[in-house]
Amino acid sequence: VRDGKISSLIEKLAQKKSKIEHREKVLKEKERKLRTRRYIEIGVIAAKFGIDQWDDMVLMGVFGEIEELSKAKEVVNLWKKKGEE
C-alpha cells in the first residue's frame, strides 16, 4: 500500500512538473513574439526616417551614441517630447 502511495505521489509530481514546463514554454513563446513585434516596430520607425538603408556599421555607431546619450534623463525627455510632436 505504501509503495502505491509513493508511486501515486511521484506521478502527481510528474504531472505538475509537466504542466509547469508547458506554461514556461508558452510564456517563452509569448515573450519571443513580443520581442519580434518590437523589432518590427523599430524597423518601421527606421524606415519612416529613411535610415533603414544605412550601412550596418553606421547604424551600430548611431545606436551606440544613442545608448551613451540616453544615460541623461533630460536628453531622453527631450527625445520623447520631439517624438510626441
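The legends below describe close-up views of a predicted model.

Residues are numbered from 1 along each chain as its sequence is written. Local features require pLDDT of at least 70 and side-chain atom pairs count only at pLDDT 80 or more, whereas totals for chains, interfaces and linings use all residues, and side-chain values use heavy atoms, with hydrogens and water left out.

**View 1. Overall form of the chain.**
The chain contains three helices and zero strands, helices (H or I, at least four residues) and strands (E, at least two) being DSSP runs numbered from the N terminus. Along the sequence, the pattern is α-α-α. The C-alpha atoms fill a box of roughly 70 × 30 × 25 Å along the principal axes. Buried residues make up 2% of the 85 residues. Here buried means under 20% relative accessible area, exposed means over 50%, and partly exposed lies in between (1.4 Å probe, protein chains only).

**View 2. Helix α1 and the residue that follows.**
Helix α1 covers residues 2-48. Its 47 residues should span 69 Å at 1.5 Å a residue, and the end C-alpha atoms of α1 are 69 Å apart, in agreement. The expected span is 1.5 Å times one less than the number of residues in a helix. Within the chain, the C-alpha atoms of Glu41 and Lys19 are separated by 33 Å, the two residues being 22 residues apart in sequence. After α1 comes Gly50, with a positive phi near 75°.

**View 3. The salt bridge between Arg32 and Glu29.**
The structure holds four salt bridges, each defined as a side-chain nitrogen of Lys or Arg within 4 Å of a carboxyl oxygen of Asp or Glu. One of them joins Arg32 to Glu29, with 2.5 Å between the closest N and O atoms. Both residues belong to helix α1 and stand three residues apart, about one turn of the helix. Arg32 counts as partly exposed because its relative accessibility is 37%. Glu29 is likewise partly exposed, at 33% relative accessibility.

**View 4**
The side chains of Glu41 and Arg37 meet in a salt bridge with an N to O distance of 3.4 Å. These two residues of helix α1 are four residues apart, about one turn of the helix. Glu41 also pairs with Arg38 in a salt bridge, where the closest N and O atoms are 3.3 Å apart. Arg38 and Glu41 both lie in α1, three residues apart, again about one turn. Through shared partners, the salt bridges join Arg37, Arg38 and Glu41 into one network. Arg37 has a relative accessible area of 56% and is therefore exposed. Arg38, at 44% relative accessibility, counts as partly exposed, and Glu41, at 31%, is also partly exposed.

**View 4. Helix α2 and its N-terminal cap.**
Asp55 caps the N-terminal end of α2, with a side-chain oxygen 2.8 Å from the backbone nitrogen of Met57. Helix α2 has 14 residues, which should span 20 Å at 1.5 Å a residue; its end C-alpha atoms are 20 Å apart, which agrees.

Helix α3 has twelve residues and reaches 16 Å from its first C-alpha to its last, close to the 16 Å expected at 1.5 Å a residue. This helix is hardly covered, the count of buried residues among its twelve residues being zero. A nonpolar patch on the surface is formed by Phe63, Ile66, Leu69, Val76, Leu78 and Trp79, with about 510 Å² of accessible area together. The elements giving two or more residues to the nonpolar patch are α2 (56-69) and α3 (73-84). Patches are made of residues with over 30% relative accessible area and no salt bridge; like charges are joined within 9 Å, and nonpolar side chains (Val, Leu, Ile, Met, Phe, Trp, Tyr) within 5 Å. Val76 is located in helix α3 and is partly exposed, with a relative accessible area of 32%.

Technical notes. Areas by Shrake-Rupley, 256 points an atom, 1.4 Å probe, with all protein chains shown as cover. Polar contact = N/O pair within 3.5 Å; in protein donor to acceptor, adjacent residues only side chain to side chain.
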